[in-house]
Amino acid sequence: MQNFKINSLEEYNQAYQKSIENPSKFWAEIAENFLWRKKWHTVLKYDWSKPETKWFIGGKLNITENCLDRHLKTRGDKTAIIWEPNNPSEKAQHISYKQLHSKVCQFANVLKASNVGKGDRVCIYMPMVVELAVAVLACARIGAIHSVVFAGFSATALAARINDASCKILLTTDGVYRGSKLVALKDIADEALKVCPSIEKSIVYQNTKQKVDWNEKDVWWHDELKKVDDNCPAEEMDAEDMLFILYTSGSTGKPKGMVHTCGGYMVYAAYTFQNVFQYQENDVYWCTADIGWVTGHSYIIYGPLACGATTVMFEGIPSYPDYGRFWEVCEKHKVNQFYTAPTAIRALAKHPTTLVEKYNLSSLKVLGTVGEPINEEAWHWYDENVGKKNCPIVDTWWQTETGGMMMTSLAGITGQKPAFATLPFVGIQPSLLDDKGNELTEDAAEGILAINFPWPSLARTIYGDHERYKNVYFSAYENKYFPGDGALRDENGNYRITGRVDDVVIVSGHNLGTAPIENAIDEHKDIVECAVVGFPHDVKGNALCAYVTTYDNVQESDNLIAEVREIVSKTIGPIAKPDKIIFVSGLPKTRSGKIMRRILRKIASNDTSNLGDISTLLNPDVVQEIIENFK
Ligand code: 6R9
């Protein structure tokens, strides 16, 4: 275990102070806890007018030596990954650090034999099987750059990502089970590869053993493994060499390939993991995200493994075979830290609590959430039913671009406040700005969130488009990173994320963040979740429209509409009362569970001619229904 654990509020305050007063000295001390082939000569150099950020300059390392090799002596037989299958009647797998090391080295040799070397891009389009983690680490082992594409994406989305990075190899599987559904993943990959000339080979892992078409470039994973051994020395990487590309969609335009580098990313992912979750040596940690998202990269693979943790990888979904599955898995593997998304919590809270009570959750010590603002009702449900009011909840605000958690409490160390991400993590210097970019210096304030100083895991560029990187993140305000979120700060310095800045609606001259309004509506006992958007209004400039989903047995009535308006009026003020309240059976969501307000805005504005690409939605069918309901 590294020697950088923060054990008390006082230690957090000291670490924070130090990280602000002398960032280079502070991060150098943290970085000492890792295995470097060669030490850096300069800790940090940055110029955000270019923008350019470099950490641990001159340092040489390989992240897999930090995640695997260095644990072999002390934790060789410790379980690195617990793999829990989609089907609960199948057996879970426990993969030790030794076994994982061997698997990674062997597959790294397969990549090498396939003519993949340092700097080559490898696209990984695989479901949550152990081999996905192996593939990611095998790339890192030889210095190839992995680009994981979520296995729920369409052929068009996959092809666009492969082509953007000119990937040389595709790693995929024959099929995948999602709940009771069997998805022919290779068919989708085949479709994509028709328009991907850079791909030389497609290595197919046999997962479901379903029948597949076979093409010239295809080889079986298991056949390739037979040709190589498991001896593969790690490639020496520069701290600033690329580790991976991960695409994030943003609200408009083509997906951005965020580039993360080896040294800073590793240091920050591990340091946040250790301290936010307060991980202890024999704990079992479970993050329910898919490795296709940044949360899976940083907090299923790299962060936990760099800390020698036991990390659970779940192949299934929260609703299969029923809505008690998460808790069944927590009981089965005696999970200590559990990290999930508000969308999952709200979906689970819709079902009887007997599904939670059925299981023994006494192993749980820490709960976490990420991905969206969590509304207070969901927060309390999580706290009471899952944590039994005995587990601190870490509400972690961060982004694909930031590589690691930015604003969060440290479990049991710093305080918590429902719906607040709370404090900046060590080394993070946030500020709130008004529309003109002036810093709001009062203790309590609300505005646009910006970050004033670099931290080690900031994405260094957008692959192939540095200009866009500059425009999106560093042009809005001079010398500041602009994450695109709004926030408010209470008098104790706790931050609450109020939603994407694009979602701020100006009603009769008042700036209204959508998250607090949604939070108020969600408080109503009949409402499961909601999304609030603005639409043009003759008098007010903009008015608000709330799309709401209700519990199954609830009658949609004028009374309910009045109550919803009243609850907003009471909590936020009459100005925030929605003009329109539309009942829907579901909200359009991205595959990672984020509500697509862009689509809802268009519908509310009666502008449904061009809704953009809705094929990547989790539930595209719901869009037509909402349009119908709106009329
Ligand atoms: C890690 C991840 C980033 C955006 C981010 C913000 C929203 C994430 C949040 C949160 C409020 C939290 N977000 N965590 N909002 N509270 N705890 O989700 O990355 O997929 O890139 O999304 O998600 O709006 O800007 P990514």
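Modeller: Ser166 sits in the loop between α7 (155-164) and β8 (169-173); helices (H or I, at least four residues) and strands (E, at least two) are DSSP runs, numbered from the N terminus. Bear in mind that this is a predicted model, where local features need pLDDT of at least 70, side-chain atom pairs count only at pLDDT 80 or more, and totals for chains, interfaces and linings use all residues. Residues are numbered from 1 along each chain as its sequence is written, and side-chain values use heavy atoms, with hydrogens and water left out.

Biologist: What is the phi of Ser166?

Modeller: Most residues other than glycine have a negative phi. Ser166 is not a glycine, yet its phi is positive, at about 45°.

Biologist: And is Gln278 buried or exposed?

Modeller: Look in the loop between α10 (262-277) and β16 (284-287) for Gln278. Its phi is positive too, near 55°. Buried means under 20% relative accessible area, exposed over 50%, partly exposed in between (1.4 Å probe, protein chains only). Because its relative accessibility is 12%, Gln278 counts as buried.

Biologist: Which residue does a cis peptide bond join to Lys50?

Modeller: Most peptide bonds are trans. Here omega is about -15°.

Biologist: What is omega for the cis bond between Tyr320 and Pro321?

Modeller: Pro321 belongs to the loop between β17 (310-314) and α12 (325-333). For the cis peptide bond joining Tyr320 and Pro321, omega is about -5°.
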